[in-house]
Amino acid sequence: MPIDGVEEREIASALDNLLNAPGARISARGARFLRYVVQKAIEGKSAQLKAYTIAVDVFGRGVDFDPAKDAVVRNEATRLRSALALYYAVDGASESVAILLPVGGYVPRFERRQAKATGSSGRNETLVRTGLRPMSAEARPEEARRGPEHKIPIIVVRAAAGGGPGEASSRMIRSVVAALVPYHGLRIAGLEPHRSFEELVTSLRPSGAGSLYVLDIAADVEDRVLRCHWMLSEHRSGLILASREEIESAGASSMMAAEKAVGEAIARQIGQRWGIINVNERKLHPDKHQDAYSCVVHAVSYLANLDDAEQKDIRKCLKTAVRDEPFYSDAWAMLSYIHMNEIRGLYARPAESDRILQEALGMADEAIRIAPHSALAHSMRSTVLFAMGKFEEFERAGRRAIALNPGSGEHQLTLGNRLYVMGRYEEGAELVRSANAREHYHPAMSYGVPILELYRQRDYEGALRLASNLSIDDKYYFMHVMLAAICGQLGATAKAEMHLQILRHLRPNYATEFYIDWRGRKFQEDYIAHIAEGLDKAGFAVTDTRIDP
């Protein structure tokens with residue numbers, strides 16, 4: 001009987017292909033885990049797939065197993081999700097059926113996909129997917145190769161100078177590369193055998209356009225403790241952007257798990273939207289209208305502050321970008337968000353909302369059509385679906401983004417923020433806490449929910465203390481709304497007025513826009529009333545302009 005529209009024989013074939021693939025980084029226990037859950041699903045016994053039964057049947061735990069005290073199943077599921085995402089994004093990209101393990105449970109899903117051809121890109125470029133071996137670029141329509149690839153940064157990952165790479169360094173390089181691959185907007189390269197670094201650089205950037213970064217890695221293992229020193233530099237200027245050491249103890253787990261954790265930590269610092277490379281790229285491309293790539297780089301800043309003055313300029317820039325580079329997935333993804341924000345930012349008339357959201361969804365779908373494995377594209381599609389009130393589809397798209405780049409907490413953070421405002425407070429707050437434990441992201445994304453949660457629990461002093469310690473652009477009006485409400489609840493009217501003055505400057509009509517704004521963000525009515533209460537105590541009365549039918 002088909003499952004998720006996929007026949008049992010196809011599922012069995014997909015499982016065999018996956019577990020026998022040289023590029024699938026799945027351990028023996030991970031393979032046992034996967035075979036077990038797939039077999040249960042085929043047998044129609046998905047209801048049995050709980051942490052307890054998996055621990056007993058797969059990992060040999062006793063009948064007194066307590067999942068609250070022993071995280072063996074949860075940890076193995078996390079590793080397995082990462083391995084699946086990497087396999088289907090790279091070596092398994094041509095597989096017609098994918099096996100997925102959605103976050104939040106242990107019931108597998110089976111997805112029929114359009115097989116993707118592979119072949120030579122026609123460029124003298126060596127793209128690395130896993131390890132420092134020459135890889136041919138993924139075959140795409142000829143027009144797609146005319147995109148802004150000359151501008152997208154390339155990272156050459158290599159062993160640090162000072163002797164041979166050694167086994168520990170070689171393994172660490174492979175882990176870092178694997179963790180960097182899912183970050184869209186970067187290209188990862190390595191040395192071919194018997195080829196000098198200078199020759200590779202010449203072939204990578206023959207025109208000299210676009211940035212080239214070098215990531216040097218040195219690692220060693222002693223007493224099951226992995227130490228990895230890494231240094232990121234900009235090749236042409238020689239500027240060292242970061243030089244750090246990561247330490248991870250293997251403990252009772254495998255050294256592979258320690259390598260994976262360190263690789264993901266390095267990749268997050270380098271590749272996320274507010275990471276080292278993106279920050280440097282904004283400095284190197286001060287003119288956002290220079291080209292499509294520069295426009296996308298600067299659009300990230302808008303996502304962080306939602307500055308009214310930037311809205312029209314960024315939107316115009318991105319529309320030009322997709323016109324000039326129609327196969328540039330990131331430009332379509334960013335444009336979908338900016339276009340949708342016409343409604344959330346209150347720039348559009350209510351009567352236009354449905355049309356604008358449908359157009360934004362079409363842009364996100366175009367981004368995915370061009371780059372099906374782009375976590376950014378799926379994340380932006382999730383955001384648009386959320387604004388449309390299609391919550392089941394929104395959550396599926398958000399979890400898809402997480403699965404495509406499980407090493408980054410950014411998409412987990414985004415999903416957690418959305419779930420929180422929907423009223424799934426504990427679940428949303430836990431996702432945000434988990435993401436923040438991995439890395440520091442932009443304060444507006446990282447600390448909005450923690451502040452809102454303290455406010456919800458009426459710990460106003462704690463909320464003010466947390467918010468006051470953050471460095472957030474004054475143009476981010478939403479933070480001033482929260483701070484004014486917090487100060488109002490505390491009776492700190494002087495502090496509240498300071499934030500209200502900034503709010504009145506940024507949003508002159510916010511007294512009548514408040515309810516439209518918070519309902520548009522999908523906050524629950526009781527929470528909205530709680531914020532309105534704080535603003536009222538601060539001396540800022542808001543008006544509900546909604547006309548009930």
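Which residues does Glu 10 touch, not counting residues up to four places away in sequence? In this predicted model, local features need pLDDT of at least 70 and side-chain atom pairs count only at pLDDT 80 or more, while totals for chains, interfaces and linings use all residues. Residues are numbered from 1 along each chain as its sequence is written, and side-chain values use heavy atoms, with hydrogens and water left out.

The answer for Glu 10 is Val 97 and Arg 112, where contact means heavy atoms within 4.5 Å. Glu 10 sits in helix 1, which spans residues 8-20; helices (H or I, at least four residues) and strands (E, at least two) are DSSP runs, numbered from the N terminus. Glu 10 counts as buried because its relative accessibility is 18%, the cut-offs being under 20% relative accessible area for buried, over 50% for exposed and partly exposed in between (1.4 Å probe, protein chains only). A polar atom of the Glu 10 side chain also lies 3.0 Å from the backbone nitrogen of Glu 7.

Zooming out, the protein chain has 23 helices and 7 strands. It runs to 549 residues, of which 54% count as buried. Take the contacts between residues at least 6 apart in sequence, and 62% of them join residues at least 24 apart. The chain exposes about 24100 Å², with carbon and sulfur atoms supplying 50% of that; accessible areas come from the Shrake-Rupley method with a 1.4 Å probe, and for residues only the protein chains shown count as cover.

After helix 22 comes Lys 522, with a positive phi near 75°.

Key:
A polar contact is a pair of N or O atoms within 3.5 Å; within protein, one must be able to donate a hydrogen and the other to accept it, and residues adjacent in sequence count only if both atoms are side-chain atoms.
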